[in-house]
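Thanks for coming. I have one structure to go through today, and I will start with the whole chain before turning to single residues.

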Amino acid sequence: MSISSRVMPMFDIRSEQPWFVLNSAQQFSLYPSSNPAISHYYSFELKQECKLNFAIPDGCVDVVFDCDEYKPRGMICGTPLEARNTQLISQHRYFGVRFARGVIPDFVNVATGDLIDQEFDFLETIPNSYEAFEKIVSQPSFAKQVAIFNEFLLGKQIRQPSSLTLQVVQDIYKKKGNIRIQDLETLTGYTTRTIQRQFRDDLGVSPKTFSRIIRCQSAVCDIHNNNELVFSDLACDLGFYDQSHFLSEFKKLVSTTPLDYLNRISRGTYQQRIRYY
C-alpha cells in the first residue's frame, strides 16, 4: 500500500517526546501532517547546556536528521521500551518525521521486530536515499524540509497491519493501555495465542508491551493537560495496583518521577515552547 494512500488512523492524540521540547534551545517547531501515515514533523536545536535528553516509549518510528554543516546524519529510530538517552548533540539542528503509531515504512530494509528499541543509519537502510538526504540536511527552512521529505515519500510503501491488529490497537487506545489480554479475547473473538502472534508479526511487540507504551503516553498527556492532577487518581485511572507501582513505572519510562516531571514542564512553560506551523 502506498504511503500516501489512506490508512486507518489509529490515534486521536499526538505522540509525545517531551524531552525534545524541554531541551530545545528556543522553540520546538511542529508541522501537522495531512498524511494519516505520518503523525507530524518537527524541528529543533538542542540547547548548549543539555546533559540529559531522553527518548521515551511512544510506539512510533521516527526518521531524524542531524543537519550539522560538517557532519550531517540521518537515523531511523524505533520506539524505545524504556527511557533511553539519545545520541543528539548540543547546538545541532534536527529535523524529524514521526510516523503514526502502528505504521511501519516498508522502504526501510529492516525487519519490523528489529526496529524496536534500535537506531539504524538512514543511508544504509534506505536504498536510493542520498539525494533526498543531501537536500534535507542542507535546507535551512523547516517547511521546505517537510516538502522535500513528502516528495521523497511519493510511491513508497507502508506495512499495513492486519484488521485484527488494528482492532486490538484501537481497543488498547480506548482503555489508555489499561486492558487485559482476556478482555481482548472477548472484544475480538480471537484466542490469546492468535492475537499475540498476529500483533507481534505486525508491530514487533506484544499487546502487553504496546499497552505499557500507551499507558506511559496517556500519563504524560494527562499531566500536560491538567496541572492540578492528583497522581493517586491518575494511577487508579490507568489501572496500576497502587500509587507506588505507578511512580516506579513512570520513572522507568520517562526517567523521572511524575511530580518532578510536572515541575519541569511548569518551569519550562512546555506548551509555550511549541510553535505550530
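Predicted model: local features only at pLDDT ≥ 70, side-chain atom pairs only at ≥ 80, totals over all residues.

Let me begin with the overall picture. The chain contains 13 helices and 11 strands. Its radius of gyration is 19 Å, close to the 19 Å that the globule rule gives for 277 residues, so the chain is as compact as a globular protein of that length. Along the principal axes, the C-alpha atoms fill a box of roughly 50 × 45 × 25 Å.

How much of the chain is buried? Of the 277 residues, 53% are buried. As for contacts, take those with a separation of 6 or more: 73% of them are between residues 24 or more positions apart. The accessible surface comes to about 13,300 Å², and carbon and sulfur atoms account for 46% of that.

Now the charges. There are 30 positive and 31 negative side chains in the chain. The centres of these two sets lie 2 Å apart. In general, side chains of opposite charge can pair when their charged atoms come close. How many salt bridges does that give here? The count comes to 12 salt bridges. I will go through three of them and then a network.

Are the two partners buried or exposed? Asp-106 has 38% relative accessibility and counts as partly exposed. Arg-159, at 18%, counts as buried, because the cut-off for buried is under 20%.

Next come Lys-176 and Asp-237, whose side chains meet in a salt bridge at 3.5 Å, N to O. Lys-176 is partly exposed at 29% relative accessibility, and Asp-237 is partly exposed at 42%.

The next pair is local. Asp-260 forms a salt bridge with Arg-264, and their closest N and O atoms are 2.8 Å apart. Both residues lie in helix 12 (residues 258-267), and because they are four residues apart there, about one helical turn separates them. Asp-260 has a relative accessible area of 25%, so it is partly exposed. Arg-264 is partly exposed as well, with 33%. Elsewhere, salt bridges that share partners join Asp-58, Asp-62 and Arg-98 into one network.

Last, a residue from a helix. Thr-125 is in helix 3 (residues 122-125). Is Thr-125 buried or exposed? With 8% relative accessibility, Thr-125 counts as buried, since that value is under 20%. Which residues does Thr-125 touch? Leaving aside residues up to four places away in sequence, Thr-125 touches Ile-76, Phe-107, Val-108, Asn-109, Val-110 and Phe-120.

That is what I have for today.

How values were computed: Residues numbered from 1 in each chain as written. Heavy atoms only, no water. Helix = DSSP H or I, 4+ residues; strand = E, 2+ residues; numbered from the N terminus. Rg over C-alpha atoms; globule rule 2.2 N^0.38 Å. Buried < 20%, exposed > 50% of the residue type's maximum accessible area, 1.4 Å probe, protein only. Contact = heavy atoms within 4.5 Å. Areas by Shrake-Rupley, 256 points an atom, 1.4 Å probe, with all protein chains shown as cover. Lys, Arg positive; Asp, Glu negative; His and termini not counted. Charge placed at Lys NZ, Arg CZ, Asp CG, Glu CD. Salt bridge = Lys/Arg side-chain N within 4 Å of Asp/Glu carboxyl O.
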